[in-house]
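Subject: Structure handover

Hello,

Below is the structure for your files. My notes on it follow directly after.

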Amino acid sequence: MVDIWTRLIRTLRTKESMTLEDVSEAAGIHRTHLGLVERGERQPSLGVAIQISKALGFELSELLLKTESVCEGKMREEEVFQDVQARSERTHCLRNPDALMRHTGLTGSVLLRAIHGCYNMLDTIDTELVANGSPPIGRLVELANLSSMVGNMVGGALADASEGLYVRNKPHHYPDLLPQRYPAQSLELKMALETNRPKGHLPKPGTYITFRYVLGDKHGAYSRGKEYRGDTVWIWEVKVGHIKETDFDISNTAGDSGKTAVVKTEVFNRMALVYFDPTFCPHALRNGVYPGLN
């Protein structure tokens, strides 16, 4: 199993065009040590294995699942090595850091780590599902349930990345994130698919952070339109702002379980855009520009 894991990290490093120096510096270990690990001449400690995995953009748990899939004969080694890739952090997608800090107390780097952490959780789940002959989670559950699950993952990842600024509230309790110290404040999190506006069962006033996502493929390819939906979650927009009780419309949309409170379009458009990824934007761009960019 260790041999497969070391071949996997070497494959990941070369696929990402990273040198031994790049990975060893990011992992905080000596280049010679990393070289010995890659060649199978030294077995890494648990701590070193975690550091190397994170330097490559993965959680150790996900790489171990992939390794176990090969060892147990669920997947061929070449299949795992061909498909595995890290989801890169998209620093250039950050917007309005002052607004993010003012409304939430969070920095742009915390937001990026939270998105990355959510992707890692989803990829780990997909690895286990696919290895056991199941479709990825994006095709396995209904979209309403998927949005709820992804929202919970983002909330957990955001609390973890905040370094104690926030903790998760109990399930189904308002707000989603509880402040632990200044400058954090009670924070409600909403997740929506594509161009849908955030909604809930009741119009609850407060500070909101909203995430919208699309479904592309695992390699990051995305095309607009329901008929082109893939099975991999990609977050394309994050907004923050304060919403009043009167800022909601009450909707009886078909498929909803009773009445739902939907953030009014004009209110949502005024919220500060703090993350925008044009690669996955489900809107038709005007001269290459997203109309909601502010």
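Just after helix α8, G133 adopts a positive phi of about 80°. Helices (H or I, at least four residues) and strands (E, at least two) are DSSP runs, numbered from the N terminus. The model is a predicted one: local features need pLDDT of at least 70, side-chain atom pairs count only at pLDDT 80 or more, and totals for chains, interfaces and linings use all residues. Residues are numbered from 1 along each chain as its sequence is written, and side-chain values use heavy atoms, with hydrogens and water left out.

Helix α8 itself has 24 residues, which at 1.5 Å a residue should span 34 Å; its end C-alpha atoms are 35 Å apart, which agrees. The expected span is 1.5 Å times one less than the number of residues. Of those 24 residues, 18 are buried, so α8 is largely enclosed by the rest of the structure. Buried means under 20% relative accessible area, exposed over 50%, and partly exposed in between (1.4 Å probe, protein chains only).

Aromatic pairs

There are five aromatic pairs, where rings of Phe, Tyr and Trp (its six-membered ring) pair if their centres lie within 6.5 Å; planes under 30 degrees apart count as stacked, over 60 as edge-to-face and the rest as tilted. One of them is Y119 with W234: the ring centres are 5.5 Å apart and the planes at 65°, so the pair is edge-to-face. This pair links distant parts of the chain, with Y119 in helix α8 (residues 108-131) and W234 in strand β6, 115 residues apart. Y119 and W234 are both buried. Y222 and F280 have ring centres 6.4 Å apart and planes at 65°, so this pair is edge-to-face too. Y222 lies in the loop between β5 and β6, and F280 in the segment after β9, so the pair ties together parts that are 58 residues apart in sequence. Y222 and F280 are buried. Y119, Y222, W234 and F280 form one aromatic cluster.

Strands

Strand β6 (residues 232-243) has 11 of its 12 residues buried. Strand β5 (residues 206-216) runs antiparallel to β6 and is joined to it by 11 bridges; two strands pair if DSSP finds at least two bridges between them. L215 has V233 in β6 as its bridge partner. Four bridges join β6 to strand β9 (residues 272-276), again antiparallel, and E237 stands opposite F276 in β9.

The charged end of K239 sits over the ring of F268, 4.5 Å from its centre. The criterion is NZ of Lys or CZ of Arg within 6 Å of the ring centre and within 35 degrees of the ring normal.

An open sheet is formed by three strands in the order β4-β8-β7, with antiparallel pairing. Its edge strands are β4 (199-200) and β7 (248-251), each pairing on one side only. Four bridges join β7 to strand β8 (residues 260-263), and F248 stands opposite V263 in β8.

Backbone exceptions

Most residues other than glycine have a negative phi, and most peptide bonds are trans. N96, which is not a glycine, has a positive phi of about 45°. N96 is in the loop between α6 (77-83) and α7 (97-104) and counts as partly exposed at 30% relative accessibility. H172 also has a positive phi, near 65°; H172 lies in the loop between β1 and β2 and is exposed at 85% relative accessibility.

The peptide bond from Y174 to P175 is cis, with omega near -5°, and P175 is in the loop between β1 and β2. Y182 and P183 are likewise joined by a cis peptide bond, with omega about 10°; P183 is in the loop between β2 and β3 (187-193).

N169 is found in the loop between β1 (166-168) and β2 (177-179) and is buried at a relative accessible area of 15%. The N169 side chain reaches the backbone oxygen of P175 at 2.7 Å.

E38, in helix α3 (residues 31-38), is buried with a relative accessible area of 6%. The side chain of E38 makes a polar contact with the side chain of R13 (2.6 Å). A polar contact is a pair of N or O atoms within 3.5 Å; within protein, one must be able to donate a hydrogen and the other to accept it, and residues adjacent in sequence count only if both atoms are side-chain atoms.

Regards
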